[in-house]
Amino acid sequence: MADKVKFTLDGEEVEADTGLTIWEIANGRGLKIPHLCFTPEPGYRPDGNCRACMVEIEGERVLAASCLREPSDGMVVTTNNARAENARKMVMELLVTDQPAPEVAHDKSSHLWDMAAMEGISESRFPKLEEGRIPLLDESHVAMRVNLDACIQCNLCVRACREVQVNDVIGMAGRGHDSYPVFDMADPMGASSCVACGECVQACPTGALMPATVVDDAQVGDSADFDSEVDSICPFCGVGCQVSLKV
């Protein structure tokens, strides 16, 4: 197998290492493609279920999930045409339909709302799920809160628990639009075999899983990722790169 692959990305000839996905190559070149069920953190495999990262590949009938798809020699990939952009906007609009409003979100600085803002989506024209379809708040755990009204079934928490930390506590229950994460045999999180490692909270892109200390009694979260910001210089080599430290 060749060590390099050459393909066209948004009209430019690109040479990249084999084994990288279209999303990884685009991201490395400064192209921002939305992603929710995928995270570039070590140990996480892409799943391709949220469909927020769709791109067009010349000669193919349907759009492709860029977090899963690896390019091949001669492939022509377009991320910025109307078809791909409109598909991503529609996905984001559908996903925010059942989310708590940003001003009362469990995580106001969630990755989901960042991705929605990137696509210019702030509200949805679609109807919300009817009352009673979403499990209620689970506050049984001393360190974490579970608010499944913000869950988009991305499965990141499942992969975080099963594949990254290998605790195998979280799985999915239900089918279709009624599927949601459960702990062990649908036990309350506090009564499950969860070891409180926090990996699922770090992975969740919506605020469905949050540290107990950052949400109030109404389950509304803090408004920022950090308390203060300090400009500094990296001390680890002679280049002197500027860094911004979030405290």
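Reader: What makes Glu13, Met75, Val76 and Val77 contacts of threonine 8?

Author: Contact means heavy atoms within 4.5 Å. Leaving aside neighbours within four places in sequence, threonine 8 meets this condition with Glu13, Met75, Val76 and Val77. The model is a predicted one, in which local features need pLDDT of at least 70, side-chain atom pairs count only at pLDDT 80 or more, and totals for chains, interfaces and linings use all residues. Residues are numbered from 1 along each chain as its sequence is written, and side-chain values use heavy atoms, with hydrogens and water left out.

Reader: Why is threonine 8 called buried?

Author: Its relative accessible area is 18%, and buried means under 20%, exposed over 50% and partly exposed in between (1.4 Å probe, protein chains only). Threonine 8 is therefore buried. Its place is in strand S1, residues 4-9; strands (E, at least two residues) and helices (H or I, at least four) are DSSP runs, numbered from the N terminus.

Reader: What makes S3 and S5 a pair of strands?

Author: Two strands pair if DSSP finds at least two bridges between them. Two bridges join S3 (residues 54-57) to S5 (residues 76-78), and the strands run antiparallel. Isoleucine 57 has valine 77 of S5 as its bridge partner, while glutamate 56 stands opposite threonine 78 in S5.

Reader: How do you know that S3 also pairs with S4?

Author: Two bridges join S3 to S4 as well, again in antiparallel fashion. Valine 55 has alanine 64 of S4 as its bridge partner. S3 and S4 form a hairpin with six residues between them, and glycine 59 in its turn has a positive phi of about 90 degrees.

Reader: What makes S2 and S4 edge strands?

Author: The open sheet has five strands in the order S2-S1-S5-S3-S4, with mixed pairing. Strand S2 (12-17) and strand S4 (64-65) each have a single partner strand, so one side of each is left without a neighbour in the sheet. Helix H2 (residues 82-96) packs on this sheet and touches S3 and S5. The direction of H2 makes about 160 degrees with that of S3, where axes are lines fitted to C-alpha atoms (for helices over the stretch in contact) and angles run from 0 to 180 degrees between N-to-C directions.

Reader: How do you know that the buried residues of H3 line one face of the helix?

Author: In helix H3 (residues 111-118), the buried residues are Leu112, Trp113, Met115 and Ala116. Seen down the axis of H3, they fall within an arc of 160 degrees, so they line one face; the arc is that of the directions from the helix axis to the C-beta atoms. These buried residues of H3 pack against H2. Just after H3, glycine 120 takes a positive phi of about 75 degrees.

Reader: Why is valine 166 called exposed?

Author: Its relative accessibility is 62%, so valine 166 falls in the exposed class. The residue lies in the loop between helix H4 (156-164) and strand S7 (170-173).

Reader: What is remarked about the phi of valine 166?

Author: Most residues other than glycine have a negative phi. Valine 166 has a positive phi of about 55 degrees although it is not a glycine. Aspartate 168, found in the loop between H4 and S7, likewise has a positive phi, near 55 degrees, and is a residue other than glycine.

Reader: Why is cysteine 241 placed in the class that it has?

Author: Cysteine 241 has a relative accessible area of 43%, so it is partly exposed. Cysteine 241 lies in the loop between strand S10 (229-233) and strand S11 (242-246). Not counting residues up to four places away in sequence, cysteine 241 touches Ser232, Ile233 and Cys234.

Reader: How do you know whether the radius of gyration agrees with that of a compact globule?

Author: The radius is taken over C-alpha atoms, and the globule rule is 2.2 Å times the number of residues to the power 0.38. For 247 residues a compact globule would have a radius near 18 Å; the protein has 20 Å, which agrees. The C-alpha trace spans about 55 × 50 × 35 Å along its principal axes. Buried residues make up 40% of the 247 residues, and the secondary structure comes to five helices and eleven strands.
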